[in-house]
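Here is a short briefing on one protein chain. Have the sequence and the 3D view open as you read.

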Amino acid sequence: MSTDSLPVIPHWIDGARRASTSGRTAPVFNPATGEVQAHVALADEAEIAAAIASATRGFEAWSAFSMAKRQTVIFKFRELLNARKGELAEIITREHGKVVSDAMGEILRGQEVVELATGFPHLIKGAFSENASTGIDVYSIKQPIGVAGIIAPFNFPAMVPMWFFPVAIAAGNAVIVKPSEKDPSAALWLAELWQEAGLPDGVFTVLNGDKLAVDGLLTDPGVHSISFVGSTPIAQYIYETASKHGKRVQALGGAKNHMLVLPDADLDLVADQAINAGYGAAGERCMAISVVLAVEPVADALIEKITERIANLSIGNGASTPEPDMGPLITDAHRDKVTGYIDIAEQDGATIVVDGRGFSVDGHENGFFVGPTLIDHLPTTSRAYTEEIFGPVLEIVRVKTFEEGVELINSGAFGNGTAIFTNDGGAARRFQHEIQVGMIGINVPIPVPVAYHSFGGWKASLFGDSKAYGVQGFEFFTREKAITSRWLDPATHGGINLGFPQND
């Protein structure tokens, strides 16, 4: 099929699909086959302005809805999503490449935030102090901030936007989602579902585009907050640019997550969890475990167990039946970046125990595949250790003591998530106290918090002062007003006092 005859994925503005007139597009691949399956519109300045104007109108209407009416719409969205989530999973697999069950898993985790948002009235209540001073009451109210920009990554095209927009919409805001141009269709599907649920036009907008669209959201005064998940350099750019333009920002960056394995750990459990956390979603997730810190003498036995399990993994088209364990990477460029890090590790003296370079799948030879890779004896000075790879590469670093492992984790630039595997409660308690990261797992490899807690890291993994979803999410998407009120009692009123108000 000629690429000229392929569909162009449009924007969603004013409650309808809007074809782009910019003349600019980007290819959307099927990662399993390497074929271009569609093009996505890349917005120009006029389309960015139209999206923001529409969201502004949507905010004005939606923020006037009662909480009861907003709650009804969110409940309806939740029910529609639950009934039709299989459709969304297939869309994600077709554009991202992850297996369908993994796509379904990200939807279910995102739906946890939708369910949290259904109970929003309790989370945006103000406070009241009667008679704070004689005849004076002081109270606070929480109001929406306006138009919220959400800039989403390619690795979780449904879950990551759902970390933000259910909370933002519940609080009375309008949102503009700028999905990754690599897999944009999930956002459009969600927009149509919101419309079916009864959300007014303009409250949920999808603006497809590249850096021009991103910068438009970061700099336009009609956008009042920015939520972002992606690499650390881009997160820092998002934070600095949006903050400079007076916006509230939560920008979640990259990671290099470690799993510390103590000698008393159940090595079969560790091997199973290392496989799941290292190779699930082909390693394209910011909470993936990429480094196993093995406290000697367990490294050799652990490597043997992991290697045995790798041999039993199936890799293929995520839409195939039966379903494989792992699909391709998102693009050929990202595939080459991941294999480049394996090259670096080898050049720096590491041992490539299992090599995923040059991997191909029968019938999908042009797909963007990298096989599960296991690396031993990796120097901690190697870029393959210090930088985020974002692929199916698991690295073993041998350490002599618990203290050496903790020091290595804490000395890293990132602070997203980490895990310890042990049967020693005292060691686990010490670990959770001393480790300088935002999310910790104890015998749990990917400690993504449930929706009523908040997601986010420390150090170069988070820019801004607010994590995603949970109570912090509602605080981020609302502004507080403090009101001091006096209703005069005619029997006691009298006199003029020009001095500063006093408490009495």
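Start at Arg285, which touches Asp102, Asn155, Phe156, Asn276, Ala277, Gly280, Phe390 and Ile446, leaving aside residues up to four places away in sequence. Keep in mind that this model is predicted.

- Arg285 sits in the loop between helix α9 (267–279) and strand β14 (289–295).
- Arg285 is buried, yet it has no salt bridge.
- Which side chain of opposite charge is nearest to Arg285? It is Asp102, 4.3 Å away.
- A polar atom of the Arg285 side chain lies 2.7 Å from the backbone oxygen of Asn276.

**Nonpolar cores**
- In soluble globular proteins, nonpolar side chains tend to be buried together.
- Here, the largest nonpolar core has 69 residues.
- Trp163, Phe165 and Phe204 have the most contacts inside this core.
- Helix α5 (residues 159–170) gives the most to the core, with 10 residues.
- A second, separate core has 62 residues, including Ala277, Val292, Val338 and Ile435.
- Ala277 is also one of the residues that Arg285 touches.

**Around Phe204**
- Beyond four places in sequence, Phe204 touches Trp12, Phe165, Ile169, Val175, Val177, Ala187, Leu190, Ala191, Trp194 and Leu199.

**The annotated domain**
- An unreviewed UniProt entry annotates residues 21–483 as "domain: Aldehyde dehydrogenase".
- Over residues 21–483, the chain is 41% helix and 22% strand.
- The end C-alpha atoms of that stretch are 48 Å apart.

Notes:
Residues numbered from 1 in each chain as written. Predicted model: local features only at pLDDT ≥ 70, side-chain atom pairs only at ≥ 80, totals over all residues. Heavy atoms only, no water. Core = buried A, V, L, I, M, F, W, Y, C linked by side-chain atoms within 4.5 Å. Buried < 20%, exposed > 50% of the residue type's maximum accessible area, 1.4 Å probe, protein only. Helix = DSSP H or I, 4+ residues; strand = E, 2+ residues; numbered from the N terminus. Contact = heavy atoms within 4.5 Å. Lys, Arg positive; Asp, Glu negative; His and termini not counted. Salt bridge = Lys/Arg side-chain N within 4 Å of Asp/Glu carboxyl O. Polar contact = N/O pair within 3.5 Å; in protein donor to acceptor, adjacent residues only side chain to side chain. UniProt positions renumbered as here; feature names shortened; annotations may be inferred.
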